[in-house]
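Here is a short note to read beside the model. Please keep the structure open as you go through the points.

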Amino acid sequence: MTEGTTAAAAEGADTLTRLEQEGEIAADYLEGLLDIADLDGDIDMDVEADRASVSIISDTGSRDLQKLVGRDGEVLEALQELTRLAVHRETGDRSRLMLDIAGYRARKRTELAGLGAKAAAEAKSSGQPVRLDPMTPFERKVVHDAVKAAGQRSESEGEEPQRFVVVLPA
């Protein structure tokens with residue numbers, strides 16, 4: 001191994017350790033929240049795409065966790081921000097942690113990837129830009145990735161909370 005390779009490996013290990021620590025802090029915070037709300041759920045931690053990922057799942061298939069998702073994921077987004085703040089308070093570093101509850105984000109990711117692929121095909125066939133409805137940053141990222149995978153380009157326009165994706169023709 002060269003010196004640069006060794007340094008890169010050590011940096012990668014440090015990043016993984018930091019992200020695992022973020023996940024543990026988030027899990028502790030969320031377990032406390034579940035206790036306060038008297039909701040049953042198991043916490044699953046992972047590291048995906050250079051960010052900590054924490055999921056709250058239920059073995060019983062209970063709809064109680066849906067309360068933590070809210071309409072269109074609004075409560076989930078708020079809980080994610082609160083969890084990121086809890087991690088920031090403990091570590092002093094800004095967190096990009098992703099939170100999923102009852103598989104909501106996973107289902108949304110699949111739906112949005114399909115939307116992005118469909119918009120890319122439409123822009124390619126029509127030769128016209130395709131403007132999508134306003135989305136959250138998470139939603140826009142999934143659509144951008146799907147458009148890129150389809151070999152097209154996209155960009156975000158507008159101001160929050162009305163920021164949206166425009167899929168550009170080839």
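1. Contact here means heavy atoms within 4.5 Å. Buried means under 20% relative accessible area, with a 1.4 Å probe and protein chains only. Helices (H or I, at least four residues) and strands (E, at least two) are DSSP runs, numbered from the N terminus.

2. This is a predicted model: local features need pLDDT of at least 70, side-chain atom pairs count only at pLDDT 80 or more, and totals for chains, interfaces and linings use all residues. Residues are numbered from 1 along each chain as its sequence is written, and side-chain values use heavy atoms, leaving out hydrogens and water.

3. Look at helix α3. Its buried residues are Y104, R105, K108, L112, G116, A119, A120 and A123. The cover over them includes α2 (74-91), β3, β4 (130-131), α4 (137-149) and β6 (164-168). After α3 comes G127, with a positive phi near 75°.

4. Now D100, in strand β3 (residues 98-101). D100 touches V54, S55, I56, L76, R105 and A106, leaving aside residues up to four places away in sequence. Its side chain reaches two backbone nitrogens: that of R105 at 2.7 Å and that of A106 at 3.4 Å.

5. Turn to the nonpolar core (buried Ala, Val, Leu, Ile, Met, Phe, Trp, Tyr and Cys residues joined through side-chain atoms within 4.5 Å). The largest has 18 residues; L34, V54, I56, L65, L68, L99 and I101 touch the most other members. Helix α1 gives the largest share, four residues. A second, separate core of 14 residues includes A119, F138, V142 and V167.

Technical notes: A polar contact is a pair of N or O atoms within 3.5 Å; within protein, one must be able to donate a hydrogen and the other to accept it, and residues adjacent in sequence count only if both atoms are side-chain atoms. Buried means under 20% relative accessible area, exposed over 50%, partly exposed in between (1.4 Å probe, protein chains only).
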